[in-house]
Amino acid sequence: MSILVTGAAGYIGSHTCLELLNAGFDVVAFDNFSNSKMESLIRVEKLAARSLVFKQGDVRDRAFLQDLFSKHNITAVIHFAGHKAVGESIRTPLTYYDNNVSGSIALAEVMSEFSVKRLVFSSSATVYDAQNNLQIREDSLLRPINPYGRSKLMIEQIYQDLAASDTQWKIATLRYFNPVGAHESGMIGEDPNGIPNNLMPYISQVAVGRLSELSVFGSDYPTIDGTGVRDYIHVVDLALGHLAALQALKSCSGLITVNLGTGKGCSVLELIRAFEHATGRVIPYHIVERRPGDLATCYADPSLAESLLGWRAKFDINTMCQDAWRWQSKNPQGYGNVSNY
Ligand code: WQD
C-alpha cells in the first residue's frame, strides 16, 4: 500500500516524502519540475536509506495519473503540486487557475475512478481576509486578495462539494502559514527559482553572500516594531502535520480544515535578529516602502490541529534559523550545482 505524493520534489513535498519513508510508508512520487529539482528526492532517499517510486509528470495529465494508479496500490494522496507565488499569480492568473484548480480536479477524478478517496490537500493562509489582524481560526473570514489565494480557496470549495457528494471521501485541507527552515541534515531545503520573494530564503542568501542586503518592506505597520508579523513554522513540523492528517483521516468523515502554524507571531526585525543570533552572520538591511498586498499581522490559532490531529509545532524560531542556515551554507546555489554530497 502506497501514499501518492504530488509535487513531491518541491520544498514541502520533499520534506514530507522523507517523513513518510521514515515512518515506514511506501511512497509513489511525481513532479513536473516546474519549480523543483530531482536532486531533492535523490537526497531524500539517501537520508531515509529507503527508495521511493518516482515518475516525472503533470497533475493535469489524466492518462499519466491513470497509469500511476493502475500500476501501484495507492491508498491515499498528499497533494502539493501547484504554483505558489503571489506576485506571479497576479501576472499570470490563467496559469494559476489551470495548474492549481484544473490539476486538483483531474487528480480527484482519477482518484475517484480508482476508488481512492483519502486526500490531504496543501492549502494556504492566503485564503483568509487580509485585514484580519487577530489570531486566525479556521472559521475566520475567508477573503483571498490574489489569484494564488483564490485558486486555493476554489480548490477547498471543490473538495468540500466532493466530500458532500460521496460520504466515502475523507479529505484534510491544511492551511499553511509561513514554512521556513530545512531538515537538520542540511541536505534538503528551500531552493526558490531566481531572487526569493519570501523573507527567510532572502535572508539566507544574504547570509551566504549571494545577495548583498535585505530590503525590509515597511516599518510603519501597527505591530511591535512596525514591521510585518508572521507565523513562521518549521518545514519538518509542517511535514509531520501531513502525517498526522493522514492518520486522522482513518477516523474522520467528510472534509476537515486545519491551520498548520505555531500560534506565535514574529516580526521581520525579530527574524533578522534571531537569524543573526542563531548563525553568527550579520544581515545588512535597509527599510523601504511597504510591499503592495502585504498585511500587518498574520498568525494562526493552532488549537484545532492539536485537538483534531493531535499535532502541534515543536521547533522554535532559533532552530528554524539554524536549520535554514545549515542548508544554505552547505548548498550556496541550492540544488543547482551539486554541493559536497
Ligand atoms: C513575510 C514578511 C514581508 C521579503 C507568502 C505567501 C503565502 C505563503 C508564504 C504559500 C512580510 C517581509 C519579505 C523581503 C521583507 N506561501 N519581507 N523583505 O508574504 O507572509 O506569505 O509566503 O502559501 O502564500 O503570500 O511571506 O516571506 O514573502 O513575507 O520585508 O525581501 O517579510 O513584507 O512582512 P508572506 P514573505
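Modeller: Happy to! Let me begin with Y159, which counts as buried because its relative accessibility is 1%, under the 20% cut-off. Bear in mind that this is a predicted model.

Colleague: What makes F121 and Y159 an edge-to-face pair?

Modeller: Their ring centres lie 5.5 Å apart, with 90° between the planes.

Colleague: Why is helix α7 called largely enclosed?

Modeller: Because nine of its nine residues are buried. Among them are L199, Y202 and Q205. The cover over these buried residues includes β8, β9, β11, α9 and α11.

Colleague: Why is T223 called buried?

Modeller: Its relative accessible area is 17%, and buried means under 20%, so T223 qualifies. T223 is found in the loop between β9 and β10. Leaving aside neighbours within four places in sequence, T223 is in contact with V229, A296 and T297.

Colleague: What makes the approach of T223 to G226 a polar contact?

Modeller: A polar atom of the T223 side chain lies 2.9 Å from the backbone nitrogen of G226. The limit for such a contact is 3.5 Å, so the distance falls within it.

How values were computed: Residues are numbered from 1 along each chain as its sequence is written. This is a predicted model: local features need pLDDT of at least 70, side-chain atom pairs count only at pLDDT 80 or more; totals for chains, interfaces and linings use all residues. Side-chain values use heavy atoms; hydrogens and water are left out. Helices (H or I, at least four residues) and strands (E, at least two) are DSSP runs, numbered from the N terminus. Buried means under 20% relative accessible area, exposed over 50%, partly exposed in between (1.4 Å probe, protein chains only). A polar contact is a pair of N or O atoms within 3.5 Å; within protein, one must be able to donate a hydrogen and the other to accept it, and residues adjacent in sequence count only if both atoms are side-chain atoms. Contact means heavy atoms within 4.5 Å. Rings of Phe, Tyr and Trp (its six-membered ring) pair if their centres lie within 6.5 Å; planes under 30 degrees apart count as stacked, over 60 as edge-to-face and the rest as tilted.
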